[in-house]
Amino acid sequence: MNARARTFIAAALVLGIASGPAVARAAPAPASASSGVKAPPVFSTPPDAVALRKALSGVGARSEEATAALVRVGGTSGAWRGGAGVADVRTGRGPVAGARFRAGSVTKTFTAAVVLQLAAEGRVDLDGPVQRYLPGLLPAGPGGFEPISVRQLLNHTSGIPAGDGRETPFEEQYAHRFDVVDPHALIAAAAAKGPEFRPGSRQHYLNIDYTVLAVLVEKLTGTSYEEALTARILRPLGLRDTSVPGRAQSRIPGPHHHGYQALRRPGGDTSLVDVTDWNSSASWAAGDLISTTADLEKFTVALFGGKVVPKAQLEEMFTVPAVKDFETGEDAVRTAGMQRFVLPDGTVVYGKTGSRYGYSTLIGGTRDLSRTLVYSVNSTDAKGPATKGVTLGIIMAAFTKPASSPAA
């Protein structure tokens, strides 16, 4: 692969900045409803096992980038499973195939699915203002908020600003890692700032939209967000190793890999800080999920296959609003709970990345499910801005078609 393609994928998939024109509707499905002719699969050859093993070769206790990694490549074109590194740098214990991990913002995909289920049931109108369902949550009046639709919360075009300190240094966050955060306090802090922009005019990817959506889920279902997610998705799909810990839990239950953050010391030395135990209540419905690669693969296949959200509402998860990104000025790329990626060869992939300190996660695939990818990488700078060689290598190996592929 040439340098341009490598740089392109690095930006699009590792940093979460996709390329390609914004679309006001979903990309076409693999099968043509009008002609009745089924399109050829996007991927028709098995995953490149050699390339995938090579992508994991630099993972380990002495790595400057990742201490462990678990990868599942699947789809109708074939499957590959692999792992590398150590579960614990102190003991040197090897990777655990079924290890649980913090999935970060992959949580948003689950939250969006619950909201879209409720829309399919007629319990919420996606075009209806959230203020109708949660009166008083967002103040109106001069300098206040205009009506914000539920859809605008889902696709990050609400204009509600962040309710937390997004730029807080790691050391300060680490010192407060066991603090319990009230989501209503986050919403109140965000609301006090007033809107960033008019609803529907820009896209700004922030956790606050999904914090508000979780409060909406609780109002509509009469249960906690955690109970709603469990009853509607985790239990029906048999995701026994997936959980949303809630505000009281700071540990990862069951077998898991330790997460580490690299910290530069005075003098230039770097040490690893164990960040495995951490209260994620500040992220809640935007980033509190704990799961496994097997469970996330099962979820991805079921979701894309229309078995989690009815197909009419599922289109929201493949639809990018035709607006600009608030921070970059580029075309928007986010959908309801996911993101649209366009690879250098034109292949379109949908998915979601997630990062918590010590843990980098990705779920995704082609709409026709000929290729899916789930990984958990114990990155030592999971929230850092630099392109990561390990995650980039995994993505390239999973989604790059061989030159001889008839679908290339």
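Student: Before we look around, what does buried mean here?
Tutor: Buried means under 20% relative accessible area. This is a predicted model, and in it Trp284 is buried, since its relative accessible area is 6%.

Student: OK, and how many aromatic pairs does a search of the whole structure find?
Tutor: Eleven aromatic pairs are found when the whole structure is searched. In one of them, the rings of Tyr225 and Trp284 have their centres 5.6 Å apart and their planes at 65°, so this pair is edge-to-face.

Student: Where in the chain do Tyr225 and Trp284 lie?
Tutor: Tyr225 belongs to helix α9, which covers residues 225–237, while Trp284 is in the loop between β6 (270–274) and β7 (289–291), so that the pair links distant parts of the chain, 59 residues apart.

Student: And Tyr225, buried or exposed?
Tutor: Tyr225 counts as buried, because its relative accessibility is 1%.

Student: What about Phe304 and Phe318, what kind of pair do they form?
Tutor: Phe304 and Phe318 make an edge-to-face aromatic pair, with 5.3 Å from centre to centre and 85° between the planes. Phe304 sits in helix α10 (residues 293–304) and Phe318 in the loop between α11 (311–314) and β8 (324–325), 14 residues apart. Phe304 counts as buried at 9% relative accessibility, and Phe318 counts as buried at 1%.

Student: Which residue lies over the face of Phe318?
Tutor: That is Arg367, at 3.9 Å from the ring centre of Phe318. Elsewhere, the charged end of Arg334 is placed over the ring of Tyr205, 3.8 Å from the centre of that ring.

Student: Switching to charges, how many salt bridges are there in the whole structure?
Tutor: The search of the whole structure gives 13 salt bridges. Among them is the one between Glu297 and Arg72, whose closest N and O atoms are 3.1 Å apart.

Student: Which residue does Glu316 form a salt bridge with?
Tutor: Glu316 pairs with Arg151, and their closest N and O atoms are 2.9 Å apart. Glu316 is in the loop between α11 and β8 and Arg151 in helix α5 (residues 150–154), 165 residues apart. Glu316 is buried at 18%, whereas Arg151 counts as partly exposed at 24% relative accessibility.

Key. Residues are numbered from 1 along each chain as its sequence is written. This is a predicted model: local features need pLDDT of at least 70, side-chain atom pairs count only at pLDDT 80 or more; totals for chains, interfaces and linings use all residues. Side-chain values use heavy atoms; hydrogens and water are left out. Rings of Phe, Tyr and Trp (its six-membered ring) pair if their centres lie within 6.5 Å; planes under 30 degrees apart count as stacked, over 60 as edge-to-face and the rest as tilted. Helices (H or I, at least four residues) and strands (E, at least two) are DSSP runs, numbered from the N terminus. Buried means under 20% relative accessible area, exposed over 50%, partly exposed in between (1.4 Å probe, protein chains only). A charge sits over a ring if NZ of Lys or CZ of Arg is within 6 Å of the ring centre and within 35 degrees of the ring normal. A salt bridge is a side-chain nitrogen of Lys or Arg within 4 Å of a carboxyl oxygen of Asp or Glu.
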